[in-house]
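Here are a few notes to read alongside the model. Have the sequence and the 3D view open, and take the points in order.

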2 protein chains.
Amino acid sequence: MAKKILISDPTLRDGNHAVRHQLSRDSFIAYCQAAEAAGVPIVEVGHGNGLGASSLLVGECSLSDEDILSTARQHLQRSLLGIHVIPGFCTIRKDLSRAVELGVDLFRIAAHCTEADITDRHIAYAREAGKQAWGVLMMSHMASPAVLLEEAKKMESYGAEAIVIMDSAGAYFPADVHERISTLVQGLNIPVGFHGHNNLGMAIINSVTAVEAGASIIDGTIRGFGAGAGNTQLEVLVAVFERLGFETGIDLYKILDAADVAEKTFNPVAPSISPLSIVSGLAGVFSGFAKPVARAAADYQVDARDIFFGLGKRNAVAGQESLIIEVARELAAAKG
Amino acid sequence: MAKKILISDPTLRDGNHAVRHQLSRDSFIAYCQAAEAAGVPIVEVGHGNGLGASSLLVGECSLSDEDILSTARQHLQRSLLGIHVIPGFCTIRKDLSRAVELGVDLFRIAAHCTEADITDRHIAYAREAGKQAWGVLMMSHMASPAVLLEEAKKMESYGAEAIVIMDSAGAYFPADVHERISTLVQGLNIPVGFHGHNNLGMAIINSVTAVEAGASIIDGTIRGFGAGAGNTQLEVLVAVFERLGFETGIDLYKILDAADVAEKTFNPVAPSISPLSIVSGLAGVFSGFAKPVARAAADYQVDARDIFFGLGKRNAVAGQESLIIEVARELAAAKG
């Protein structure tokens, strides 16, 4: 019997990173229709950083959450409507409750890989509202398999119905994925998923490896649209899974058509693996740091790549942008 | 002790496919300098289909072979100058002898995977001229490991000093590569190499797998510039090999700089995995067929993807473009 894989598609959320959260209403509509026609089970939408994240600091979205969710809801009948939720950006009273009203089906509640504790109330709220809730552990390469399991178990105890680990920096090699996914599959009683990025050209094989290690949920975006080097390219994934005999329920030709729709509707060219993406993957640092790193490199006359590796050694995570200046200053001082 | 890998870089040859053989003299010079500075051991140049291939039928090159080779020779001191040679396009008397005079170091004599016989005189000529000669088996997924070994042994008997197998259609999965490379490594007395394409997102992992199976030569192009979905992306490969402890002798930062040089100097955007590339990878058909297939699809009002899969079932290879019409006609007839 063919192994069944549940595909969750954050093109209209992670892909928003690639256009500084400026995806147009037409893009949302065109892609929702194309994804639904192809049989994509879950379509995730919103600001790149999720519900409630639109702000001057992390980037203002061209459309409000309200607007995005009601537009998407209108154009998704068979596909579930999903959102990314980071407690801190997303409040329960204002954002989560409204998303429930607007008909979101799946709440993917995310935290840095060692901070699962912050997700308890959000997960509980979504479940009590009768919605699906998953736990998502971001930057998961920064935690050992044992620690990841411990954090995932917390989310399971809060009511999460699945756990997805993200390779946010595109730092994993297949062996890393295998070790972590199999640890989670063995230790949890809920499905396990994987969300890849392509900084080291490993997104597809890492996703295949995740399935071989027992994962049953895989994230992918059309044309790879996403932050930095991009995500696991969904239509390639569908082709590869079909060849390997994994059942996704997605129609190959129609998902290829969806790639053409996105290529025509979205503004940017498809992501590619830039030199700085490679360094961010090797250093294990989120590629969203690229811009402030470039600025600091220019200000302090040091090499942006050295800053990335310096951030990697310090285990820098999003929100710690001040470390960039610290590293740049040290490099400048060491030079002369 | 770190495993040593010899990197051969056909950016200025396979990359020429991506611009219909119109790479400029400035591009040749800029990239030769950047590759040499990074310590790339072999730089392969020329028309996409190799020495003597420039023609109205397969595409005219903006520069003559003579011009390309003398330009490249002038800017390569440490890196070896390599060329791709397909007997039929390349004559011994006119093309090969002149390339020897112009100082080419390495002749990569190529044939379809079951046609090694046609390479005997070209290999012998290059060896007798005191040059290095390798045998290259193209579209290697179309032959079983046993047949590939037989063909490679012929090339070895002609004097080839290494054998490279090409995944011209980007059709391989890692297990396919492992099986073929290990068969060759066990059965031959000369080094074995792998040349990947990225149609199914497997170019990097296939190259890693080739090394694990015993290959010691790997091809890669900067930014992945190459036909269709592109080649194995060289600077990603260097990063990944460095992480795995394989020694390439290439400087990571300088090869990342070379990527920036190419991005600025070459005309096209970096290749990405288009819907038709995926189909060509799945079907195991050379992506160079894309244009005539699109034309036939329009003429006969059938789906280009169906034509690709039809060609795959017929084991179509380059030169058999008439099969495209045959398949298109059959599909149109079946539609009614």
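1. One term before we start: two residues touch, or are in contact, when they have heavy atoms within 4.5 Å. Keep in mind, too, that this is a predicted model.

2. Let's begin with N199(B), in the loop between β8 (192-195) and α8 of chain B. Which residues does N199(B) touch, leaving out those up to four places away in sequence? They are A169(B), G170(B), A229(B), I273(B), S277(B), I278(B), S280(B), G281(B) and S287(B). With a relative accessible area of 1%, N199(B) counts as buried, because the cut-off for that is under 20%.

3. The side chain of N199(B) reaches the backbone oxygen of S277(B) at 2.9 Å, and a polar contact of 3.1 Å joins the side chains of N199(B) and S280(B). For G281(B), compare sequence and space: N199(B) and G281(B) are 82 residues apart along the chain, yet their C-alpha atoms are 5.2 Å apart.

4. Next, helix α12 (residues 290-300) of chain B. Its buried residues are V293(B), A296(B) and A297(B). Why do they share a side of α12(B)? They cover an arc of only 105° around the axis, so they end up on the same side. The background is simple: an α-helix has 3.6 residues a turn, so residues three or four places apart point the same way.

5. After the helix comes Q301(B), which has a positive phi, near 55°.

6. Now for the interface. Here 36 residues of chain B are in contact with 36 residues of chain A. About 2,900 Å² is buried between the two chains, with carbon and sulfur atoms giving 67% of that area. R243(B), Y253(B) and R305(B) supply 21% of what chain B buries against chain A, more than any other three residues.

7. How many salt bridges cross this interface? The rule finds two. In one, D257(B) pairs with R305(A), and the closest N and O atoms are 3.0 Å apart. On the chain B side, the elements giving two or more residues are α8 (203-212), α9 (234-244), α10 (252-265), α11 (275-283) and α13 (304-313). That side of chain B divides into 23 nonpolar, five polar and eight charged residues.

8. Over all chains the salt bridge count comes to 34. One of them joins the side chains of D219(A) and R108(A), at 2.6 Å from N to O. This pair links distant parts of the chain, with D219(A) in strand β9 (residues 217-219) and R108(A) in strand β5 (residues 106-112) of chain A, 111 residues apart. Buried or exposed? Both D219(A) and R108(A) are buried.

9. Finally, compare E330(A) and R314(A), whose salt bridge has its closest N and O atoms 2.6 Å apart. E330(A) lies in helix α14 (residues 322-335) of chain A and R314(A) in the loop between α13 (304-313) and α14, so the pair ties together parts 16 residues apart in sequence. E330(A) is partly exposed, at 45% relative accessible area, and R314(A) is partly exposed too, at 29%.

Note on methods:
Residues numbered from 1 in each chain as written. Chains lettered and ligands numbered in written order. Predicted model: local features only at pLDDT ≥ 70, side-chain atom pairs only at ≥ 80, totals over all residues. Heavy atoms only, no water. Buried area = accessible area lost by both parts, 1.4 Å probe. Salt bridge = Lys/Arg side-chain N within 4 Å of Asp/Glu carboxyl O. Helix = DSSP H or I, 4+ residues; strand = E, 2+ residues; numbered from the N terminus. Nonpolar A, V, L, I, M, F, W, Y, C, P; charged D, E, K, R; others polar. Buried < 20%, exposed > 50% of the residue type's maximum accessible area, 1.4 Å probe, protein only. Arc of directions from axis to C-beta. Polar contact = N/O pair within 3.5 Å; in protein donor to acceptor, adjacent residues only side chain to side chain.
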